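Please keep the sequence and the model in view while reading.

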Amino acid sequence: MVASKHQNKRPDPSTKAGVVSIIGPPNAGKSTLLNAILGQKLAIVSPKPQTTRTRLSGVLNEPRYQIVFVDTPGLHESTVPMNREMVKIARESCENVDAVVFVVDVTSGEKSVALFPHQQRRRLFAAIRAPLVLVLNKIDCIEKLALLPMIGEYRNHADFTAIIPLSAKRGDGVEKLIHELVALLPEGPRYFPEDIPTDASERFLVAEMIREKVFLLTNKEIPYASTVEIDGWHEDAAAGTVTIFASIIVERASQKTIVIGKGGEKIKKIGIAARRDISGLLATKVDLRLWVKVKKNWTRDPGAWQIS
Ligand SMILES: Nc1nc2c(ncn2[C@@H]2O[C@H](COP(=O)(O)OP(=O)(O)OP(=O)(O)O)[C@@H](O)[C@H]2O)c(=O)[nH]1
Ligand SMILES: [Mg+2]
């Protein structure tokens, strides 16, 4: 029987929507990947491990689907309470999601395995209920031929739904990853309105951008001894400017001296770099007033670093 044209016409497919968690060892490029997926800098990035301290959602909207990506702190072993808490946040982000993307740095070799050993990986993978997608990141740094044995090796680690080599920095392979993830999404309405790129507050994102500059412009223990608090926020609509008062919090007076730098040089550099990014984020002129304060036990106060 020949079906009529009318019968063949299917209704518009409904939207798909889901949550995808991005996990992996420190420095693998998780935050870079989130930014590459969104085409916008939301998450902070640095060459130092443990840059990300808490979860951050970024929403990808397309006409037919919405994916809420969750960037997380790097998985590693530590006895430091704050670090343990960070890892807990990452582990918990794998619950009640539609897919988990495990990111590894193909150049890290045994280094990332030492940080997050195989036995721990296996246990984590076994506990994850959602489809697991492996991303082999930083392929811009290796020969193509080196990839194949690596893919073979990783196949033994877990039952990955897909293995995607990519370069988050260059954007190569990101579309392929998104394509794989869309296939895993359930049908359903969007979680967020289409004009909301994240569930994080502007205050959190601004504090993070300042913290990123501390990570980039200071060394040794300073990045890890620092957090950022927003003290005040004044919008002058007529002048089209925002004045932001913020404090870089450190643990000791000696660290305060280093962050301020000789003649205020260091804090000035941090401020200039942060202001540029914050102006971009808020799409307005920004006057950033930075202070440095000492709070001995800030790492033990979750409110000091887990704000979002
Ligand atoms: N060459 C290269 N570098 C990359 C790539 N992706 C990320 N990076 C670099 O790797 C470093 C770490 O990137 P992040 O995105 O901060 O890594 P992360 O996994 O979020 O790290 P944590 O938040 O510390 O767990 C940065 O210096 C990035 O520029 C890539 O595809 N290629
Ligand atoms: Mg990160």
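Two strands are said to pair if DSSP finds at least two bridges between them. Strands themselves (E, at least two residues) and helices (H or I, at least four) are DSSP runs, numbered from the N terminus. The model is a predicted one: local features need pLDDT of at least 70, side-chain atom pairs count only at pLDDT 80 or more, and totals for chains, interfaces and linings use all residues. Residues are numbered from 1 along each chain as its sequence is written, while chains are lettered from A and ligands numbered from 1 in the order in which they are written.

The protein chain is divided into domain 1, residues 16–184, and domain 2, residues 202–305; these bounds come from an automatic or database domain assignment. Taken over C-alpha atoms, the centres of domain 1 and domain 2 are 28 Å apart. Nine residues from domain 1 and twelve residues from domain 2 take part in the contact between them, where contact means that the C-beta atoms of two residues, placed from the backbone, lie within 7 Å. The side of domain 1 that touches domain 2 has four nonpolar, two polar and three charged residues. In this classification Ala, Val, Leu, Ile, Met, Phe, Trp, Tyr, Cys and Pro count as nonpolar, Asp, Glu, Lys and Arg as charged, and the others, Gly among them, as polar.

Strand β1 is a place to begin. How many residues of β1 are buried? Eight of the eight are, so β1 is largely enclosed by the rest of the structure. A residue counts as buried if 20 or more other C-beta atoms lie within 10 Å of its own, as exposed if 12 or fewer do, and as partly exposed in between, with C-beta atoms placed from the backbone. Both faces of β1 are covered: Lys16, Gly18, Val20 and Ile22 are buried on one side, and Ala17, Val19, Ser21 and Ile23 on the other. Strand β1 runs parallel to strand β3 (residues 65–71), and seven bridges join the two. Within this pair, Ile22 has Asp71 of β3 as its bridge partner. Strand β4 (residues 99–105) also runs parallel to β1, joined to it by four bridges, and Ile23 is there partnered with Phe102.

Asn27 has a positive phi of about 70° although it is not a glycine. Asn27 is buried, because 24 other C-beta atoms lie within 10 Å. Gln50 lies in the loop between α2 and β2 (56–62). Its phi, near 60°, is likewise a positive value in a residue other than glycine, and Gln50 is buried with 21 other C-beta atoms within 10 Å.

Ligand 1 is surrounded by 23 residues, of which the closest are Gly29, Ser31, Thr52, Gly74 and Lys169. A residue belongs to this shell if its C-beta atom, placed from the backbone, lies within 6 Å of the ligand. Helix α2 gives the largest share of the shell, three residues. By class, the shell holds eight nonpolar, eleven polar and four charged residues.

Another sheet is built from β7, β8 and β9. This open sheet of three strands has the order β7-β8-β9, with mixed pairing. Strands β7 (227–236) and β9 (285–294) stand at the edges, each with a single partner strand, so one side of each has no neighbour in the sheet. On average, neighbouring strands of this sheet are turned by 15° against each other, direction ignored. Strand β8 (residues 241–250) pairs with β9 in the parallel sense over ten bridges, and Ile244 stands opposite Leu288 in β9. Two helices lie across β8 and β9: α9 (residues 253–260) runs at about 150° to β9, and α10 (residues 265–282) at about 135°. Axes here are lines fitted to C-alpha atoms, for helices over the stretch in contact, and angles run from 0 to 180 degrees between N-to-C directions.

Two buried residues complete the picture. Thr227 is found in strand β7 and is buried, with 24 other C-beta atoms within 10 Å. Not counting residues up to four places away in sequence, Thr227 touches Arg211, Ile249, Trp298, Ala304 and Trp305. Val206 has its place in helix α8 (residues 202–217) and is buried, with 23 other C-beta atoms within 10 Å.
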